[in-house]
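Here's a quick look at one model, starting with a strand pairing and ending in the core. Have the structure open while you read.

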Amino acid sequence: MLIYNVFGRYLGVKQTSEGWQVFRADMSERKFSRLYDIIIPDDLTEDEIPGWLGDIFHESASEKHPDVIRVE
């Protein structure tokens with residue numbers, strides 16, 4: 001699973017036979033909860049995911065958390 005810090009919020013992204021799936025990631029307990037309302041197009045590559053998440057969540061950007069960063 002790919003883990004991103006999306007403006008201070010941790011999200012996991014996993015590619016399956018059904019397409020990309022998005023999860024809320026609790027990094028302290030290593031627990032993941034599926035988020036069904038966040039859609040990543042099937043044709044996006046792994047390298048394009050940070051930009052896509054940045055476009056979706058740009059309103060959450062702050063001085064403390066200005067970017068989308070891959071953590072794992």
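Predicted model: local features only at pLDDT ≥ 70, side-chain atom pairs only at ≥ 80, totals over all residues.

Asp26 itself sits in strand β3. Its strand runs antiparallel to β4 (residues 31–35), and five bridges hold the pair together. Between the two strands of this hairpin there are four residues, and Arg30 takes a positive phi near 55°.

| From | To | Distance |
|---|---|---|
| Asp26, C-alpha | Arg9, C-alpha | 9.4 Å |
| Asp26, polar side-chain atom | Glu29, backbone nitrogen | 3.2 Å |

Along the chain, Asp26 and Arg9 are 17 residues apart.

Now for the core. The largest nonpolar core counts 16 residues, and the ones with the most contacts inside it are Tyr4, Val6, Val13, Ile40, Ile49 and Leu53. At least two of the core residues come from each of β1 (2–6), β2 (9–16), β3 (19–26) and α1 (49–57). That makes β3 a strand that both contributes to this core and pairs with β4.

Leaving aside residues up to four places away in sequence, Ile40 touches Val13, Trp20, Val22, Ile49, Trp52 and Leu53.

Key:
Residues numbered from 1 in each chain as written. Heavy atoms only, no water. Core = buried A, V, L, I, M, F, W, Y, C linked by side-chain atoms within 4.5 Å. Buried < 20%, exposed > 50% of the residue type's maximum accessible area, 1.4 Å probe, protein only. Contact = heavy atoms within 4.5 Å. Pairing = 2+ DSSP bridges. Polar contact = N/O pair within 3.5 Å; in protein donor to acceptor, adjacent residues only side chain to side chain.
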